[in-house]
Amino acid sequence: IPLSYFSGIGVASKHGILIKGSNYLEALRYVDTVVFDKTGTLTEGVFDVVKVKTAGVSQDELMKFAAIAEANSNHPIAKSILKPYNKSVDLNKIEKYEEIAAHGIKVKYENNTILAGNEKLMKANNIKFESNKEAGTVVYVAVDNKFIGYIVIADKIKKDSEKAIKDIKEQGIKQTVMLTGDNKEVATSVAKKLKLDKAFSNLLPNEKVDRIEELYVGRNEKEKIAFVGDGINDAPVLARVDVGIAMGGLGSDAAIEAADIVIMTDEPSKIAKGIQISKKTYKIVWQNIIFALGIKIIVMILGATGLASMWEAVFADVGVALIAVLNAMRIMK
């Protein structure tokens, strides 16, 4: 039985799926709901600026203040803003830098307080701003509590995301859900393209956990939930669900540490492969159990009635073990 699980874990690793234990491989078989993060999981996490709208300043000034705010960040959105700005930012002039979870960034630069983030950041600081409902990630920028414009950034859906959802449903997954901190327009657009069953938008990290808790209502022990994510904000959810799956390439260290399974190639389609391997492993485990115990019981009965010789006993012990080993190796095909 352990060898069957070792084989399953081994063949999964050959496909770029690292499973941290046999219990997670077994739990994967019972998953009926798969929940996804959006950015970096279903989408590439590579953003491009598609629109710049100013309010009382020039486009260059807007991009300058946005770049200053994002200069210390490694987030894909920050990189997408710094790329078109294409100028160096003097980090020594940044007096104070603060990342506000699920809101944005606040910095102090040359006596100016710069805010760059989503609508929640603007509302939290009582700033009047021009709302945007386009399908994309919108970064609103304010300087000294005055709104100066916004930047629209678009992300691309991964090439195999659509295939991933299709393959997952073919493996018997009943429900696919997406949780994202992005606005409703972006979430609806992605969910529609990928044919997801549900999508929740504008979520803080703790609200993602709340949505997961809602999904658990009315479930029994054999109905498992898997969550797929890559960011540091996904770590609490990855730790909460039955099977946490992290993207190993783009994923943060915190997400990888909290996850039970790591996909090294960042391909969501590998999830279906993992489920397939889990089901095949489970099937072979039970074949070995039934075969081994069945043969031993038959030989014990024959031995008790005097019909079994030493050779039958040897086969029931060593022979059955060797056949079970060979059967376990079928997982690797």
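User: What does buried mean here, and what is the relative accessible area of Lys-208?
Analyst: Buried means under 20% relative accessible area. This is a predicted model. Lys-208 sits in helix 8 (residues 205-216). Lys-208 counts as buried because its relative accessible area is 6%.

User: Which residues does Lys-208 contact, leaving aside neighbours within four places in sequence?
Analyst: Lys-208 is itself a residue of helix 8. With those neighbours set aside, its contacts are Asp-37, Leu-179, Thr-180, Gly-181, Leu-203, Asp-234 and Val-237.

User: Is Ile-148 buried or exposed?
Analyst: Ile-148 belongs to strand 8 (residues 146-157). The cut-off for buried is under 20%. Ile-148 has 5% relative accessibility, so Ile-148 is buried.

User: How far apart in space are Ile-148 and Leu-62, C-alpha to C-alpha?
Analyst: Leu-62 is one of the residues Ile-148 touches, and Phe-65 and Val-141 are also among them. In sequence, Ile-148 and Leu-62 are 86 residues apart. In space, their C-alpha atoms are separated by 6.7 Å.

User: Is helix 1 roughly parallel or roughly antiparallel to helix 11?
Analyst: The axes of helix 1 (residues 2-14) and helix 11 (residues 270-304) come within 9 Å and cross at roughly 160°. Angles over 145 degrees count as roughly antiparallel. Therefore helix 1 runs, relative to helix 11, roughly antiparallel.

User: How many charged residues are in the contact of helix 1 with helix 11?
Analyst: Helix 1 contributes Ser-4, Tyr-5, Gly-8, Val-11 and Ala-12. Helix 11 contributes Ile-277, Thr-281, Ile-284, Val-285 and Asn-288. By class, six are nonpolar and four polar, and the number charged is no residues.

Terms used:
Residues numbered from 1 in each chain as written. Predicted model: local features only at pLDDT ≥ 70, side-chain atom pairs only at ≥ 80, totals over all residues. Heavy atoms only, no water. Axes fitted to C-alpha atoms, helices over the stretch in contact; angles between N-to-C directions. Helix = DSSP H or I, 4+ residues; strand = E, 2+ residues; numbered from the N terminus. Parallel < 35°, antiparallel > 145°, perpendicular 65-115°, else oblique. Contact = heavy atoms within 4.5 Å. Nonpolar A, V, L, I, M, F, W, Y, C, P; charged D, E, K, R; others polar. Buried < 20%, exposed > 50% of the residue type's maximum accessible area, 1.4 Å probe, protein only.
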